[in-house]
Amino acid sequence: MADGPAAAGPPGARLRLGDVQRVDFGDILTPQDWPGGAGRPLPVHGFVIRHPAGAILVDTGVGDPRARDFVREWRPVARGVADALAPLDLAPADVRWVINTHLHWDHCGQNAVFTHAPFVIQRREYETAAARPGVVMEWFQVSGARFELVDGAAEVAPGVRVLPTPGHTAGHQAVVVSTDQGLVVLAGDAADSIRAYRDADPTQGAEPEDSDQWRASVAALRALRPARVCVCHDPVEWRAG
Ligand SMILES: [Zn+2]
């Protein structure tokens, strides 16, 4: 993996807009402190980038709902990652890289399926999670798991890069894809909803770990002038123009 800005990638590697596809991992229910109230279905989405070098999966969905009480509290109606990929005619074995936007249980819950693929994670996010032993790190105790820990912006494959977007968590990262119709930003939970992104309003979702960093990260994503922005918990996407 090469560091550097490489937003466009080399000629010929440019992806089409349709190469970025949404993966439906099912719903969780909003907790008590969610804007708009508790008990409402909240979609959990990942994304696949169908890159010529191999499929890139952004986030792996909800972990085993029986694993811990805190997962059970959200009563996920979760979908296994193989079932979630099947409508896209993909199988887990087709995934060459896994990018985790961050290490919350609804974004890395099924990493253990992908022992054949490296997990691209910001080093800061990994070290923060590792300092808090719990279910997430247990999910990572899979034999053969490979981590590609990155510090800051990095290119994963030509035309696909990760960008640090702290705020929701300290080591959160977004994924920026250069396509024939402009940049597509897969923002993860850098914003919980498209409304939060559009209005740069951190109160439109779960409270960030750091609101100032959250605002700076959303501003940085907006400054990219993306053609499209997708977030993990909103089926609506933002489009330029
Ligand atoms: Zn989330």
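Where does D59 lie? The first legend answers this for the predicted model.

**View 1. D59 sits in a loop of this predicted model.** The loop runs between β3 (54-58) and α1 (69-73). D59 is not a glycine, yet its phi is positive, about 75°. D59 is also buried, because its relative accessibility is 0%.

**View 2. Four protein residues donate to the zinc ion.** The donors are D106 (OD), H107 (NE2), D189 (OD) and H233 (NE2). They lie 2.0 to 2.4 Å from the zinc ion. The 4 donor atoms make angles of 85 to 169°, and the site is irregular. Along the chain, the donor residues follow the spacing D-H-x81-D-x43-H.

**View 3. D106 and H233 tie together parts that are 127 residues apart in sequence.** D106 comes from the loop between β5 (95-99) and β6 (118-122). H233 comes from the loop between β12 (228-230) and β13 (238-239). D106 has a relative accessible area of 8%, so it counts as buried. H233 is buried as well, at 6% relative accessibility.

**View 4. Helix α6 spans residues 211-223.** At 1.5 Å a residue, its 13 residues should span 18 Å. The end C-alpha atoms are 18 Å apart, which agrees.

**View 5. Helix α6 has a buried side and a face turned away from it.** W214, S217, V218 and L221 are buried. These residues cover an arc of only 95° around the axis, so they lie on the same side of α6. An α-helix has 3.6 residues a turn, so residues three or four places apart point the same way. The cover over the buried residues of α6 includes β9 (160-164), β10 (173-179), β11 (182-186) and α5 (194-199). On the face turned away, D212 and A223 are exposed.

**View 6. R225 follows α6.** R225 lies in the loop between α6 and β12. Its phi is near 50°, a positive value in a residue other than glycine. Is R225 buried or exposed? R225 is exposed, because its relative accessible area is 74%. D59, which also has a positive phi, is buried.

How values were computed:
Residues are numbered from 1 along each chain as its sequence is written. This is a predicted model: local features need pLDDT of at least 70, side-chain atom pairs count only at pLDDT 80 or more; totals for chains, interfaces and linings use all residues. Side-chain values use heavy atoms; hydrogens and water are left out. Donors are N, O and S atoms within 2.8 Å of the metal (3.2 Å for Na, K and Ca); water is not among the atoms, so sites may look incomplete. Four donors count as tetrahedral if all angles lie between 85 and 135 degrees; four count as square planar and six as octahedral if opposite donors are over 155 degrees apart and all others between 65 and 115; anything else is irregular. Helices (H or I, at least four residues) and strands (E, at least two) are DSSP runs, numbered from the N terminus. Buried means under 20% relative accessible area, exposed over 50%, partly exposed in between (1.4 Å probe, protein chains only). The expected span of a helix is 1.5 Å times one less than its number of residues. The arc is that of the directions from the helix axis to the C-beta atoms. Contact means heavy atoms within 4.5 Å.
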